[in-house]
Amino acid sequence: MELNSKTAVELAKLLDSGKVSSEDITRACLDRVESVDPQVHAFLSVDREDALSQARASDARRTEGKSRGPLEGIPLALKDIVAVQGQPLTCASRMLENFVSPYDATAVERLKNAGAILFGRLNMDEFAMGSSTENSAFNRTSNPWDLDRVPGGSSGGSAAAVAASETILSLGSDTGGSIRQPAAFCGTVGLKPTYGRISRYGLVAFASSLDQIGPFTRCVEDAALFLDATCAHDEKDSTSLPDQETDFLKKMGEHADRKWKIGVPKEFFAEGIDPEVRSSVESAIRYYEEQGCTVEEVSLPHSSYAVPVYYILATAEASSNLARYDGIRYGHRAESADNGIDLYYQSRGEGFGEEVKRRIMLGTYVLSSGYYDAYYLRAQKVRTLIRSDFDEAFAKVDCLIGPATPTVAFRAGEKTDDPLSMYLSDVYTISANLAGLPAMSIPCGISSEGCPIGMQIISPVLKEAEMLAVAKQFEDGHDFKGLTAPDRLQGEGAV
Amino acid sequence: MKKEEQEIDLDRLCVLARLSLSPEEKEKLGPQLARIIGYVEQLKEVDVEGVEPMAHAIPLENVFRKDEATPLVEREDYLRNAPASRAGQVVVPKVIEG
C-alpha cells in the first residue's frame, strides 16, 4: 500500500522504525494531489515547498530525538476556514479571495506543536454554508467514490482529500453536520467534539454557539490522536472549556470490550431514510448486540424541530458574525462606491455568494423588530427542549446510534435549486450541535451503487473517549479501517 | 400570494443587512425565503410555556482575563489585508462633507 493511503497510527510506527521519513510521506501526498486533484478538486491551493520544508524539519527533530509525539511528521490538510500565519484564508469566498492570515489559529498552533505537517487549503461551501461543497466560489469538489456525486459539505474538500488518499488526516469544522455528513458521504471517520473542547480562536465564525473544529481520518485511533493534540483550554476563546481531561487514545483503550447500553432513537429511522442506509445501520446495531451490548429504543420527541431551530439560530448568528465583512479593514472592497455607506452595500453585494446572502437575509429577518420573539426566542426555547430529550435518553443509555445521513451522497446539481431540500440532508446531525454533544460518523456499509454509508454515534457531553471506544468496537469487527475510495482515479491525469 | 410571502420586505432587510441585491437576485430570493420561513413556522406548534431559552449548550459564566495588553499582530501585517492603506492607517471613502 502507498504511504499516502496509510493511517497515522501505521505511519507513526514506520517513522519510528526509521524505514520512512516524513519527507517520503509528505512527498507521496503531494504527488497524489498532483495526479488526482485535477479530478477531485479537494484543494483550493497547496504550498508544496512549505510542506516539504516542514517535513524536513520534522525529520531533523526525529533524528535529534526530539519527536513531538505520535503526529510528528504526519501530513494534515486544512479546511480553508482556519488561520495559518502567512497562508491564504478564503473561506471559498470572493470576499476573502486575497486574504492572508496574520496569525495562527490555536488549533493550528497546537497541531504544529504536535509535529504535524500542515499543508493545503481545502475547498468548502462558502463560509461553511452548505451541505455539498457546491457553494464554493471557486470550484465544485467531487466525491472520490463517484465524481458525479457531491462529497457533502460544508467540509467537502476535507472529506474528499482523506477518501482520495491525498492526505493522511484533515481538519474540518462542524456547525450543523459539516464534518459528519461529508465523512458519511466519502466513507471516512469524521468527529465533532463536545462544544468548547477545541478552541475556536482563528476559526472563521459562522454560528459561534454551534461551530466546532474536528478531524477527518481513515481510522478511529487517528481521530483520538487529533483530539489529543487539539483539545485544551484556550483563554483566547471565552467558550473554551476549562480543566479538560484528554488522553483519548489511552482512555479509549481502557473502555475496550465494554458492554455498552446503546440507545436507538426511533425518530432517526422515520420517513425519508433510504432503505439501504436503514438496513446497513440496523445491521451495525445488531453487531453490537452480538458483542453483548444491550440495545433499546429511545425517543427524542423534539428532534423533528432541529432543522427549523437550526436555520433560525444559525442564520441569526451568521448575519451578526458576517457583519464584519464591510469592505473597510480587509476583504473585498467595491471599486465604484463613492461614499462609506454605499461601500458597505456594494462590497457585500459583490463579495458574497448566493447561499451566504440567503442566510444573511434570513438571519436578519428572524432578528428584526417584531419577529424576534416569534422566531429567535422561540427557537432558543425549543433548543432547550431538544437538549432535554438527550438528557433523558442519556439517563438510560451510554450513547445513541443511528444513521449519519438519510441517504448516500446525492448527485451534483440535484439540490442546488432547492435550498430547503439541501438543508434537510443534515436532519440527523444538527441536534448534536444544538445540544453541544460530541458525535461522530464512521463507515458502516457500501450501497449497491458503490456509495459509502455512515453510522452516527452521539455521546453525552465530554464522553469522547467512550464514544471512540464504541466506534473502535465496530471498526475492529469489520473491514472499514483504512478505507479509501476505489483507486480508479490514479493515472487518468487531468480530465 | 401566500400570507408569509407578503410579510417579507426584502428592501427593508437589505437596509438592515447593508447588502445590495440585484433585481434578479431579489426575484429569486423572495419566494425562497418565504418557503423557508413557512417551513420554520412549525415551531409555533411547540409548547414552550415556562421553558428557558438556551443561548449556549454549555454556558460558562464570568469568563474574564487580566486587563493587560498583549502583542497580537504587527500593524504592518494587519494592514497587508486592508484594501487601501496609507501611513499606517486604513484608507476609507470620505465620510464628512465639506
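A crossing of two helices is called left-handed if the near helix is turned anticlockwise from the far one by less than a right angle, and right-handed if clockwise. With this in hand, helix 10 of chain A passes helix 3 of chain B in a left-handed crossing; helices here are DSSP runs of H or I with at least four residues, strands are runs of E with at least two, and both are numbered from the N terminus. The model is a predicted one, in which local features need pLDDT of at least 70 and side-chain atom pairs count only at pLDDT 80 or more, while totals for chains, interfaces and linings use all residues. Residues are numbered from 1 along each chain as its sequence is written, and chains are lettered from A and ligands numbered from 1 in the order in which they are written.

Helix 10 of chain A and helix 3 of chain B pack at about 125 degrees with their axes 9 Å apart, where axes are lines fitted to C-alpha atoms (for helices over the stretch in contact) and angles run from 0 to 180 degrees between N-to-C directions. Helix 10 of chain A is therefore oblique to helix 3 of chain B (under 35 degrees is roughly parallel, over 145 roughly antiparallel, 65 to 115 roughly perpendicular, and the rest oblique). Pro308(A), Tyr311(A) and Ile312(A) make this contact with Ile36(B), Tyr39(B) and Val40(B); two residues are in contact if their C-beta atoms, placed from the backbone, lie within 7 Å.

Helix 3 of chain B also packs with helix 12 (residues 354-367) of chain A, at about 55 degrees and with the axes 11 Å apart. Here the crossing is right-handed. Arg358(A), Met361(A), Leu362(A) and Tyr365(A) meet Leu29(B), Gln32(B), Leu33(B) and Ile36(B).

Taken as a whole, 57 residues of chain A are in contact with 42 residues of chain B. Helix 13 of chain A gives the largest share of the chain A side, 11 residues.
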